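Subject: Structure handover

Hello,

Here is the structure to look over. My notes follow below it.

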Amino acid sequence: MENASTQPTTDAGHPRRWTILAVLVFSLLVVVLDNSILNVALRVIADPRQGLGATQSELEWAINSYTLVFAGLLFTWGVLGDRYGRKRVLLLGMALFGLASLVSAYAQSPGQLIVMRALMGFGGAAILPNSLAIITNVFSARERIKAFAVWSGAVGLAIAIGPVTGGFLLEHFWWGSIFLVNVPIVALGSALMLLVVPESRNPRPGRLDPLGVVLSIAALVTVVYGIIRAGQLGTWLTAEVLATLAVGVGLLVLFVRHEARSDHPALDVRLFRDPRLSASAAAIALVFFALMGVTFFMVFYLQSVRGFGPLESGAVLLPMAVAQLLLAPRSAALAQRFGTKAVAAGGLAGVALMLYAISFADRDLPIWQLEIILFLLGAGMAHVMSPVTDAVMTVVPREQAGAGSAINNISRQVGGALGVAVLGSLLSSVYRSRMGGRLAFLPPGTRHAAGESIEATLAAARQAGPRGATLVGPAMDAFVHAMHVVAWCSAAVAALGVLVVLVWLPQRPHEGRPGAPAAPAGTEPARALRK
């Protein structure tokens with residue numbers, strides 16, 4: 001059988017383009033599935049008997065080590081694929097992701113898991129941009145929009161089935177199974193890529209920017225470390241926290257200055273001078289900031305407070321993902337009819353309202369009411385992401401559509417990472433202050449750690465004997481109160497997104513482009529890169 005890589009792509013597209021798309025979508029599922037599966041497993045990993053006994057800050061790092069590395073390397077892996085071959089880099093990313101998943105499944109400590117999660121982000125960052133570049137290469141301009149609609153639908157499906165899949169695995173196997181399940185998918189996907197996916201590269205590849213990559217990752221990691229450390233210590237006003245945040249901000253300033261002056265930047269910050277891109281990227285970051293913080297505490301609310309198992313809690317979270325899967329494809333038509341600004345602002349307002357509604361959830365809230373709130377939360381998100389993604393892609397030249405895609409994903413990943421760090425630290429601080437002197441009878445060596453999270457308190461209560469039982473009820477009440485505070489802050493962040501969209505985002509994606517009352521010809525393929 002002739003290898004697909006030897007068959008040229010014509011104006012009609014590659015002869016096996018739909019088979020290639022199916023293989024790429026199947027392989028991409030592991031990247032999207034992984035984070036949604038992990039969210040359901042947080043409580044189990046925190047349990048010292050069933051999991052690794054991870055603290056809340058270690059759980060935050062298990063999520064953020066992946067997202068920070070992923071966001072920092074998206075542009076670099078895209079340039080490497082252009083230079084050395086997209087299929088080759090894609091296969092390398094799959095191999096790294098699969099190897100890190102295998103080691104993660106058998107991690108013996110939270111530290112090992114955090115390191116392996118970072119390696120998973122290293123591999124995942126190679127998979128996403130190069131799969132999109134291959135799809136762009138094998139499909140004609142006429143069919144590309146349809147191909148990316150299939151890709152976006154598959155991503156939505158992965159988000160929807162992730163919590164349930166994770167719950168099923170945790171009900172029947174040990175916590176490491178949520179990572180081990182990636183290995184056969186990676187192996188099969190890689191084998192199919194070797195047989196079906198053609199090789200392609202850019203005849204005029206861009207230069208690498210290693211300094212920019214190092215500065216971006218160093219700045220993000222330092223800022224996030226300072227935020228998470230504040231949650232651990234229970235205060236932001238310490239020399240360690242303030243110095244760390246100052247260094248992180250300083251590195252971020254150096255990164256922006258370097259990128260603005262470079263002729264081959266890892267992230268072209270000059271594109272953000274266009275309000276269509278800057279307002280859209282801000283909206284994406286703010287909505288994921290709010291969403292990831294809520295998802296982080298919702299798992300503990302369902303499992304630690306309400307007593308649901310992993311599979312049940314995954315099912316409760318399902319309506320939020322289903323709403324995105326069903327409604328995201330329809331939001332583009334609404335944006336064409338009513339304008340990007342109106343639809344995106346309305347979606348963000350819906351997100352803010354539903355996050356505020358979560359602040360009324362208590363220990364006895366009927367689950368059907370929570371599911372309605374989560375469905376409407378997902379519906380609001382669905383009406384934000386597609387319109388603002390389209391706005392981003394109209395700013396980026398057609399030949400740099402991959403850069404536009406990377407900006408979308410960086411906004412999403414950085415916003416989500418900061419959401420977990422900031423809102424997770426806020427949750428920990430409020431919870432610790434609420435518990436107050438209730439932990440005073442615990443041994444001094446365990447008292448501070450027991451106040452960091454509800455799981456740490458419940459673990460300490462189990463070890464403290466009969467007197468420890470008196471901590472269970474107050475711990476649940478303290479967590480619910482902390483959850484309400486985080487929900488209020490999340491709602492405020494989403495409301496800020498409404499303001500950003502109303503003030504800076506043009507009504508139509510093409511508005512503001514000099515001399516162009518309508519989107520110029522040839523931009524449609526770039527605009528089709530919707531997540």
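The notes run from the whole chain down to single residues.

This is a predicted model: local features need pLDDT of at least 70, side-chain atom pairs count only at pLDDT 80 or more, and totals for chains, interfaces and linings use all residues. Residues are numbered from 1 along each chain as its sequence is written, and side-chain values use heavy atoms, with hydrogens and water left out.

**Overall**

The protein has 18 helices and 0 strands. Both are DSSP runs numbered from the N terminus: helices are H or I with at least four residues, strands are E with at least two. Of the 531 residues, 60% are buried. Buried means under 20% relative accessible area, exposed means over 50%, and partly exposed lies in between (1.4 Å probe, protein chains only). The accessible surface is about 20600 Å², and 66% of that belongs to carbon and sulfur atoms. Areas come from the Shrake-Rupley method with a 1.4 Å probe; for residues, only the protein chains shown count as cover. Take the contacts between residues at least 6 apart in sequence: 81% of them join residues at least 24 apart. A contact is a pair of heavy atoms within 4.5 Å.

**The nonpolar patch**

Leu99, Leu102, Val103, Tyr106, Phe168, Phe173 and Trp174 make a nonpolar surface patch of about 670 Å². Patch residues have over 30% relative accessible area and no salt bridge; like charges are joined within 9 Å, nonpolar side chains (Val, Leu, Ile, Met, Phe, Trp, Tyr) within 5 Å. A salt bridge puts a side-chain nitrogen of Lys or Arg within 4 Å of a carboxyl oxygen of Asp or Glu. Helix H3 (residues 86–105) gives the largest share of the patch, 3 residues.

**Aromatic pairs**

Rings of Phe, Tyr and Trp (its six-membered ring) pair if their centres lie within 6.5 Å; planes under 30 degrees apart are stacked, over 60 edge-to-face, and the rest tilted. That rule gives 4 aromatic pairs. One of them joins Tyr106 and Trp174: tilted, 5.6 Å centre to centre, 40° between the planes. Tyr106 sits in the loop between H3 and helix H4 (110–138), and Trp174 in the loop between H5 and H6, so the pair ties together parts 68 residues apart in sequence. Tyr106 is partly exposed at 46% relative accessibility. Trp174 is partly exposed too, at 35%. Tyr356 and Phe360 form an edge-to-face pair, 5.3 Å centre to centre with 90° between the planes. Tyr356 is partly exposed at 41%, while Phe360 is exposed at 55%.

H10 (residues 275–305) has 31 residues, which at 1.5 Å a residue should span 45 Å; the end C-alpha atoms are 43 Å apart, which agrees. The expected span is 1.5 Å times one less than the number of residues. H10 is mostly covered, with 27 of its 31 residues buried. Just after H10, Gly307 takes a positive phi of about 80°.

Leu423 is in helix H14 (residues 401–435). Leu423 is buried, at 3% relative accessibility. Its C-alpha is 8.1 Å from that of Val294, 129 residues away in sequence. Leaving out residues up to four places away in sequence, Leu423 touches Phe289, Ala290, Gly293, Leu418, Val486, Cys489 and Ser490.

**Gln507**

Gln507 lies in the loop between helix H17 (472–504) and helix H18 (524–527). Gln507 is partly exposed at 27%. Beyond residues up to four places away in sequence, Gln507 touches Phe338, Gly339, Thr340, Lys341 and Ala342.

Best wishes
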